[in-house]
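I set out to record what I looked up in this structure, entry by entry.

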Amino acid sequence: MALVFSVLLLLGLCGKMASGGQPAFDNTPGALNYELPTTEYETQDTFNAGIIDPLYQMVHIFLNVVQPNDFPQDLVKKLIQKRFDISVDTKEPENIVLALKVAIYEIGVLICVILGLLFIFLMPLVGFFFCMCRCCNKCGGEMHQRQKQNESCRRKCLAISLLLICLLMSLGIAFGFVANQQTRTRIQRTQKLAESNYRDLRALLTEAPKQIDYILGQYNTTKNKAFSDLDSIDSVLGGRIKGQLKPKVTPVLEEIKAMATAIRQTKDALQNMSSSLKSLRDASTQLSTNLTSVRNSIENSLNSNDCASDPASKICDSLRPQLSNLGSNHNGSQLPSVDRELNTVNDVDRTDLESLVKRGYMSIDEIPNMIQNQTGDVIKDVKKTLDSVSSKVKNMSQSIPVEEVLLQFSHYLNDSNRYIHESLPRVEEYDSYWWLGGLIVCFLLTLIVTFFYLGLLCGVFGYDKRATPTRRGCVSNTGGIFLMAGVGFSFLFCWILMILVVLTFVVGANVEKLLCEPYENKKLLQVLDTPYLLNDQWQFYLSGILLKNPDINMTFEQVYRDCKRGRGVYATFQLENVFNITENFNIERLSEDIVKELEKLNVNIDSIELLDKTGRKSLEDFAQSGIDRINYSMYLQEAEKPPTKVDLLTFASFLETEANQLPDGNLKQAFLMDAQNIRAIHQQHVPPVQQSLNSLKQSVWALKQTSSKLPEEVKKVLASLDSAQHFLTSNLSSIVIGETKKFGRTIIGYFEHYLQWVLYAITEKMTSCKPMITAMDSAVNGILCSYVADPLNLFWFGIGKATMLLLPAVIIAIKLAKYYRRMDSEDVYDDLENGSNGYHKDHLYGVHNPVMTSPSRY
């Protein structure tokens, strides 16, 4: 069934598909990732017998002992070439040699068969003579038991031996019952397995159209991805161009922007410094004027007559040396002005360098919009071309006659399923006959073993060692009769059972060793792959059947392996030798229209100027503004001085202290008034001077930091600007062209990747032939080996074991029955005394064979 399916499906597909050893798709462009949908099949490719599997393994071990030879590949090849004709003909020595090789290989089986035939022939013959002998009161037929030594020990040994043999026979019968029950359920299991394979094959029929639809659907996915990139060409292509330019341009613009910030900060610092100098000059002048007025007032008081007499003269003398320190500590006119540098920096700042930098950024950021405006018409044409390619792919895919093939195979599956269901009642009938026959065989053996068990049971428990042979009890006698009944049934049926065992053994053993095992290890497939084996004219039989070309290297083993791992039918059956799919599914021909349209994609970007001449001149003027030549140390040194030569508050306190030592008068009042004026001057004029000094200090420090290596920094910025501008002038055009081509290749790459995946999916993945091989495994491994051969082998193994054990069981049962049955006569018997067993020793009385007849039973 699987072979017919593969032939139908493959011959249909080969007309429209071709191979191409497509590689696996690991590198997926963009976000495209295709995964052909597959079906999960329900049929298992392994068959486990469950809890009875150890029994089957035991039989396999026995067969390996009986038939230890490896699978005879060469012998099987010769037999196939001879069409299994192994007739012995003296005119053809090769046939004789072949027959001998077959016999040598089957030597173990032949020995077992010969032993079975001897059993079949001898057992009824021995039974016949045994029966005749018993009728003549021979062979134990005489109902007289003579005295023997160790009688008790012999009886017990015989009973134990028979019990062990019966237990072994029971085990074999149990194997037979189990095997026979397995045959009872195998029809149901075969039906379920066939239906499971049928559903898998039916799923295979529905899988192919779904895969075709998926393949077609992925073109829309690919096209939508390309459309998305085309619609976003401003961000995609423009972003790539910006990505090439930014590493060169952005650092320069950031440096210029930082320099513009430095210019603004320098301007602010110069303005603060200039205003601080003016404030310092004005505040120092006011402070100096007021201190001069107070100093003149104190001098007048010191020069008055009030200081001439004691004690005022001493106090006035102490004040005169301190009077010279009462004055301002700064002279604003000594610090040079920074108005010239401030004017220069103001002129530089008026150029608004930051706006020029923004204009440079904008020239880079405008690239995406420029690309969008220039490529609008080309993008529309590319989209139309992609739509036309979509219709071509759809037409080519629909040209594959999958539906026709699947329709034909669907009819075949329906016919096969109908045939199976119609045949099942007949097969069930035959199986019921086999099951009934096996049951009868098992019950026959069970009946014989039951007789032996009953004989042992009645004999052992009914035996009275004090009773004489002629006076044994009914139970013991019944046990002996059961044993002899078992012997009689054994002679009647054992040879019939052995005939069944030999027939099933020959069939089951050869099926296991010549079909099941070589199929499992693939040696059988290797034999079938032998060139010119199945057809004298064909080197490779499978390719000759499927492809009508026997020279193509296609083997059963290769097809089985590829199908087992789920490979597609196209690659598995090498259909590229029949039809080349690339002729109808040519990637270059399908994508050439897209290439032509994308070649029209032309982007022109005008030269970009990062900074114009005005901005450049501003940087140069800033470098030459002179702020780096200002004597900042002088300003800092002046800013570090206190506002006054002496602390005015301390001086006022000193003056007030000295004045308080004077007697009341005009001089004392004058000094106290001057102290108050000094405190007022400190409160009004010293803080503004100190504030101006602090502001001057901060401005000087800021300018000193900014002006440090100013010409070198500006020179570096200008050098970076020249380098970036040169890069844009020299490479902008090549970058735009290169990125445009790369963008086009990306769009084309989407469709080339899709088309390559289509070839790969059709040739390698689409329509997996795994269900076919699973169906074949189900037929061979499942039905033939697991459902038929294994139960059959277990059946003959168990029944054969029990039948062979009948031989020792019969012998022991005959001997043991003498000890249980009631005899017609016995040896001389005396009263029991001193533990005697009731028998006299013949030689003690000088009487040979004294006899005592059995008493009347009535």
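Entry 1. I began with Cys 157, which is partly exposed at a relative accessible area of 43%. The model is a predicted one, and I read each value below with that in mind. I then looked for a partner for Cys 157: the closest cysteine sulfur belongs to Cys 153 and lies 4.1 Å away, too far for a bond. A disulfide would need the two sulfur atoms within 2.5 Å. I next checked Cys 458, which takes part in no disulfide, the nearest cysteine sulfur being that of Cys 474 at 8.9 Å. Cys 458 is buried, with a relative accessible area of 16%.

**Entry 2. Disulfides.** I counted 2 disulfides. In one, Cys 516 is joined to Cys 785 with an S to S distance of 2.0 Å. I noted a torsion of about -105 degrees about this S-S bond, so the disulfide is left-handed. Cys 516 sits in helix α14 (residues 474–520) and Cys 785 in helix α25 (residues 770–804), so the bond ties together parts 269 residues apart in sequence. Both Cys 516 and Cys 785 are buried.

I then turned to Cys 563 and Cys 769, whose sulfur atoms are 2.0 Å apart in a disulfide. Their link is left-handed, with -105 degrees about the S-S bond. It connects distant parts of the chain, 206 residues apart: Cys 563 is in helix α17 (residues 556–564), and Cys 769 is in the loop between α24 (710–765) and α25. Cys 563 and Cys 769 are buried.

**Entry 3. Helix α2.** I compared the length of α2 (residues 53–66) with expectation: at 1.5 Å a residue its 14 residues should span 20 Å, and the end C-alpha atoms are 20 Å apart, which agrees. I listed its buried residues as Tyr 56, Val 59, His 60, Leu 63 and Val 66. Viewed down the axis of α2, these fall within an arc of 120 degrees, so they line one face of the helix. On the other side of α2, I found Pro 54, Ile 61 and Val 65 exposed.

**Entry 4. Cavities.** I found 4 cavities of 30 Å³ or more.

Methods
Residues are numbered from 1 along each chain as its sequence is written. This is a predicted model: local features need pLDDT of at least 70, side-chain atom pairs count only at pLDDT 80 or more; totals for chains, interfaces and linings use all residues. Side-chain values use heavy atoms; hydrogens and water are left out. On a 1 Å grid over the protein atoms alone, a cavity is a set of points where a 1.4 Å probe fits but cannot get out, and a pocket is an open set with protein on both sides within 12 Å along at least five of seven lines; lining residues have an atom within 4 Å of a point. Grid points are joined across faces, edges and corners, and a volume is the space filled by probe spheres set on the points. Helices (H or I, at least four residues) and strands (E, at least two) are DSSP runs, numbered from the N terminus. The expected span of a helix is 1.5 Å times one less than its number of residues. Buried means under 20% relative accessible area, exposed over 50%, partly exposed in between (1.4 Å probe, protein chains only). The arc is that of the directions from the helix axis to the C-beta atoms.
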